Amino acid sequence: MKQQADIIDAIAKHLGVTPQDIEPNASLRDDLGLGPIEISDLLNDLATQFNIIFDPTEIEQINTVDDLIVAIEDLLLD
């Protein structure tokens, strides 16, 4: 759970909102209003912060905040 909170904090900081504004089931596109460039910027920022590399094929599967959390947690286990 601490890891999830850290990821949400990092997303919130990147977006300039509070962690309480980030709902796990929120759609990156529809709810948070991120376009492809903003999503790419977010993923690059998170990859740098957590010292991970997103697989390009996995990026297509990331639609919600929860998808992003799961992807980062999985990469941190590797």
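I began at the end of α1, where G16, just after the helix, takes a positive phi of about 75 degrees. I note that this is a predicted model.

**Entry on α1.** I checked the length next. The helix α1 has 14 residues and spans 20 Å from its first C-alpha to its last, close to the 20 Å expected at 1.5 Å a residue. I then listed the buried residues of α1 and found Q4, I7, I8, A10, I11 and A12. I looked up what covers them, and the cover includes α2 and α4.

**Entry on α2 against α4.** I took the geometry of this pair. The axes of α2 and α4 (residues 65-77) lie 12 Å apart, at an angle of about 30 degrees. The crossing of α2 past α4 is right-handed. I noted who makes the contact: L42, L43, L46 and F50 on the α2 side, with L68, I72 and L76 on the α4 side. Sorted by type, the residues of this contact are seven nonpolar, no polar and no charged.

**Entry on the core.** I looked for the largest nonpolar core and got a set of 24 residues. Those with the most contacts inside this core are I11, L46, F54, L68 and I72. For background, nonpolar side chains in soluble globular proteins tend to be buried together.

Setting aside neighbours within four places in sequence, L68 is in contact with I11, L42, L43, L46, F54 and I62.

**Entry on L43.** I picked L43, which lies in helix α2. Is L43 buried or exposed? I count L43 as buried because its relative accessibility is 6%, and the cut-off for buried is under 20%. Beyond four places in sequence, L43 touches F54, I59, I62 and L68. For L43 and F54, which are 11 residues apart along the chain, I read a C-alpha separation of 7.8 Å.

**Entry on S27.** I finished in a loop. S27 is found between α1 (2-15) and α2 (36-50).

Notes. Residues numbered from 1 in each chain as written. Predicted model: local features only at pLDDT ≥ 70, side-chain atom pairs only at ≥ 80, totals over all residues. Heavy atoms only, no water. Helix = DSSP H or I, 4+ residues; strand = E, 2+ residues; numbered from the N terminus. Axes fitted to C-alpha atoms, helices over the stretch in contact; angles between N-to-C directions. Left-handed = near helix turned anticlockwise from the far one by under 90°. Contact = heavy atoms within 4.5 Å. Nonpolar A, V, L, I, M, F, W, Y, C, P; charged D, E, K, R; others polar. Core = buried A, V, L, I, M, F, W, Y, C linked by side-chain atoms within 4.5 Å. Buried < 20%, exposed > 50% of the residue type's maximum accessible area, 1.4 Å probe, protein only. Expected span 1.5 Å × (residues − 1).
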